[in-house]
Each structure stands twice: as C-alpha cells, then as structure tokens.
Amino acid sequence: MKRIPIYIKVTVTAVIMVLLVKAFAFTSCTIPSTGMENSLYQGERVLVNKWSYGLRIPFTTSHFMPEKVAKGDIVLFNNPNPTSWDTPVFAREMFISRCVGVPGDTLMLNQELLVTGEKALSPDSKQLYTYPHTMEDTLQWAMKELGITDNPLVGYTNGMYLRSFSYYEHYLLKQKLQSLSALLATHGHDSIGSHPFVVPAKGKKVEVYPWNINLLCNTLVHHEGRKASVKNDTLFVDGKPVTTCVFRKDYYWMASNNPVNLCDSRLFGLVPHDHLIGRAMTIWYSSDKERIFQSVQ
C-alpha cells in the first residue's frame with residue numbers, strides 16, 4: 001500500500017486546524033462601512049474572539065457557558081432582522097456595533113432611537129412641575145380624563161402653581177393636550193423629546209408604555225416565538241391584553257459610532273444573546289500600517 005506523502009498530511013492537518021480554530025475559537029471580520037469610525041475604519045479586518053460570550057456551537061444558536069456582553073464592547077453578531085425569517089441565524093449576514101445597553105439597563109432614547117446620554121428615569125418617578133394659574137382648569141380636565149389622581153396642588157408662588165407628576169403621567173398629559181410648553185420641571189429632566197427604554201433581561205418583567213410597545217411586540221414575535229400584536233395602543237400576547245412582558249432571553253442595544261450609519265438597533269431593534277458571535281479583539285489588517293495589531297477600543 002502506497003504511503004501518503006508527508007507534505008499532504010501536513011497540509012491536510014493544517015487545513016483541519018484552521019477550520020477548527022475558525023469554528024470554535026476565532027474568526028475574522030472585514031469592516032463594511034464607516035459606521036464604527038473612529039474606532040474601526042472601512043476595509044479594516046479584525047480578529048473576533050468567539051469565546052467572549054460563551055462558545056456558540058457551530059450551525060446552531062446555542063451557547064456553551066454563555067457570558068454577558070460588557071457595555072462598551074464592539075460586538076460581531078448575526079442580523080436580527082433579516083429579509084427572510086426562514087434563513088437560519090448562523091447563515092445570516094454579520095453586523096458589528098458597540099453595545100451601549102445590556103440586559104436590565106434603562107436607556108433614554110429620543111424619537112430617532114438615539115441614546116441621548118440623559119440621566120435614565122423610571123417612568124413612575126415623580127418630580128415637581130410649575131405652570132401658570134390660568135392653566136389650572138385645563139389641567140384639571142385633562143387629569144380627570146386620563147384618570148390621574150393623587151396629584152394635589154402643593155404650592156403657589158408668583159402666579160405659578162406647583163404640582164407633582166410622574167414621567168409617564170407627564171407623557172400622557174402631553175399627548176392629551178398636544179403641547180405642554182407651560183408645564184416646566186423645577187429641576188432635571190422635563191421628559192420632552194426622549195423616553196426611558198428598558199433592555200429586556202431573561203426572566204424579568206418589562207413594563208409596556210406607548211413609546212416601547214412596538215419594539216416589545218416585534219421582539220416577542222421574532223425572537224420569542226410568541227403571538228403578539230398591537231391594537232388601539234394595547235399590547236396583546238397570546239390573545240390577552242398585557243401591561244408587562246417577561247422575556248425568555250437576554251437582549252442588547254447596539255449603536256454605531258457614527259449616527260449617520262443606521263446598521264444598529266435603530267434599524268433592527270434588540271439583539272438577542274443567541275445572535276452574538278464574539279467580541280472584536282485586534283486589528284490584523286489596515287491600510288494604516290500603524291494600526292495593525294492595535295487592540296479594538
């Protein structure tokens with residue numbers, strides 16, 4: 001029997017080792033756009049550690065010994081909102097973005113779903129507001145229409161009334177009256193322009209509000225396999241109206257460094273843990289030679 005030449009054995013062994021390393025330990029990613037500048041530039045290639053968040057078993061979405069993402073990590077993951085939902089997760093295109101929200105975080109997002117950097121508020125946290133005394137009858141009517149109670153007048157000074165409202169109550173009043181420019185917070189956030197979004201954590205309840213209802217509905221349908229829909233500003237899950245949701249997975253909010261680039265959670269919503277591939281570690285190719293072998297920051 002003719003023996004296999006040693007160089008063929010070496011070549012086959014090397015190919016097998018490369019495939020095993022790529023499948024189980026590391027992979028490479030080419031930066032497709034300007035979305036991560038100035039951390040990563042278009043055309044650069046980075047090494048991704050597939051063990052960072054628990055090893056995802058090849059051709060599945062199961063992670064061995066899963067670990068959570070650290071806020072600020074630049075993460076490689078599969079598209080959570082594909083053109084065809086029949087495409088398996090592991091076969092979808094890959095995106096790379098920075099994680100700015102981990103499970104359980106509350107983020108203040110504006111109407112474009114950009115993180116505003118403002119102090120995160122609970123929708124039920126209250127603060128004091130002042131308004132002209134001439135607005136009192138209109139405000140009383142709106143409060144009665146919305147069922148807002150336990151909000152007694154707490155002060156009067158220089159023609160201005162003082163009353164306490166929660167973030168959510170202020171939001172409802174704003175929708176009811178169309179404009180609340182005369183209702184001013186005495187300090188801190190005035191709840192105009194941005195809203196608190198809770199990033200779902202496995203097994204934890206998330207309150208349903210008008211500003212997060214569609215995001216939660218889409219997440220339940222596409223990533224939790226639930227029957228969910230929105231009707232008349234009410235979320236229905238499995239045919240029943242709900243005011244809270246409990247999720248079976250951990251989720252993350254991803255953002256581009258460059259807000260002009262929309263390939264982040266503003267486009268595809270929350271990213272489930274089972275879509276994660278790994279953390280970007282090192283630049284191994286760049287047209288700027290000084291950046292080669294730099295750590296990804």
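A residue counts as buried under 20% relative accessible area, as exposed over 50%, and as partly exposed in between. The exercises below apply this and related terms to a predicted model.

**Exercise 1. Classify the two residues of the salt bridge between E145 and K176, and state where they lie.**

Solution. 
Step 1. The closest N and O atoms of E145 and K176 are 3.7 Å apart. A salt bridge requires a side-chain nitrogen of Lys or Arg within 4 Å of a carboxyl oxygen of Asp or Glu, and the pair is accordingly listed as one.
Step 2. E145 belongs to helix α2 and K176 to helix α3, so that the pair links distant parts of the chain, 31 residues apart.
Step 3. E145 has a relative accessible area of 47% and is therefore partly exposed.
Step 4. K176, at 34% relative accessibility, is likewise counted as partly exposed.

**Exercise 2. Determine whether R163 and E136, which meet in a salt bridge, are buried or exposed.**

Solution. 
Step 1. The side chains of R163 and E136 meet at 2.7 Å, N to O.
Step 2. The relative accessible area of R163 is 3%, so R163 is buried.
Step 3. E136 has 12% relative accessibility and therefore also counts as buried.
Step 4. A further salt bridge joins R266 and D264 at 2.9 Å, N to O. R266, at 17% relative accessibility, is buried, and D264 is buried with a relative accessible area of 2%. The whole structure holds eight salt bridges.

**Exercise 3. Describe the geometry of the aromatic pairs F95 with F268 and Y168 with Y209.**

Solution. 
Step 1. Two quantities are needed: a pair of aromatic rings is described by the distance of the centres and the angle of the planes. Planes under 30 degrees apart count as stacked, and planes over 60 as edge-to-face.
Step 2. The structure has eleven aromatic pairs. One of them, F95 with F268, has 5.4 Å from centre to centre and 10° between the planes, and is stacked.
Step 3. F95 is part of strand β6 (residues 94-101) and F268 of helix α5 (residues 265-268), so their pair connects parts that are 173 residues apart in sequence. F95 and F268 are both buried.
Step 4. For Y168 and Y209, the ring centres are 4.8 Å apart and the planes stand at 70°, so this pair is edge-to-face.
Step 5. Y168 lies in helix α3 (residues 167-177), whereas Y209 lies in the loop between β13 (205-207) and α4 (213-223); the two are 41 residues apart.
Step 6. Y168 is partly exposed at 24% relative accessible area, while Y209 is buried at 8%.
Step 7. Ring pairs also draw Y168 and Y209 into a cluster with Y171 and W211.

**Exercise 4. Explain why strand β5 is described as largely enclosed, and identify its partner strands.**

Solution. 
Step 1. Five of the five residues of β5 (residues 74-78) are buried, so the strand is largely enclosed by the rest of the structure.
Step 2. The cover extends to both faces: I74, L76 and N78 are buried on one side, and V75 and F77 on the other.
Step 3. β5 pairs with β6 in the antiparallel sense over five bridges, and F77 stands opposite F95.
Step 4. β5 is also joined to β20 (residues 276-285) by three bridges, again antiparallel; here V75 stands opposite R279.
Step 5. These strands belong to an open, antiparallel sheet of seven strands, ordered β1-β2-β20-β5-β6-β18-β19. The edge strands β1 (26-30) and β19 (271-272) each have a single partner, so one side of each lacks a neighbour in the sheet.

**Exercise 5. Describe the surroundings of Y285.**

Solution. 
Step 1. Y285 lies in strand β20, which pairs with strand β2 (residues 45-49) over five antiparallel bridges. In that pairing, A280 of β20 is the bridge partner of V48.
Step 2. Y285 has a relative accessible area of 34% and is therefore partly exposed.
Step 3. Together with F26, L47, W284 and F293, Y285 makes a nonpolar surface patch of about 500 Å².
Step 4. R45 lies over the face of Y285, at 5.0 Å from the ring centre.

Definitions and conventions:
Residues numbered from 1 in each chain as written. Predicted model: local features only at pLDDT ≥ 70, side-chain atom pairs only at ≥ 80, totals over all residues. Heavy atoms only, no water. Phe/Tyr/Trp six-rings, centres within 6.5 Å; stacked < 30°, edge-to-face > 60°. Helix = DSSP H or I, 4+ residues; strand = E, 2+ residues; numbered from the N terminus. Buried < 20%, exposed > 50% of the residue type's maximum accessible area, 1.4 Å probe, protein only. Lys NZ or Arg CZ within 6 Å of the ring centre and 35° of its normal. Pairing = 2+ DSSP bridges. Patch = residues over 30% accessible without salt bridge, like charges linked within 9 Å, V, L, I, M, F, W, Y side chains within 5 Å. Areas by Shrake-Rupley, 256 points an atom, 1.4 Å probe, with all protein chains shown as cover.
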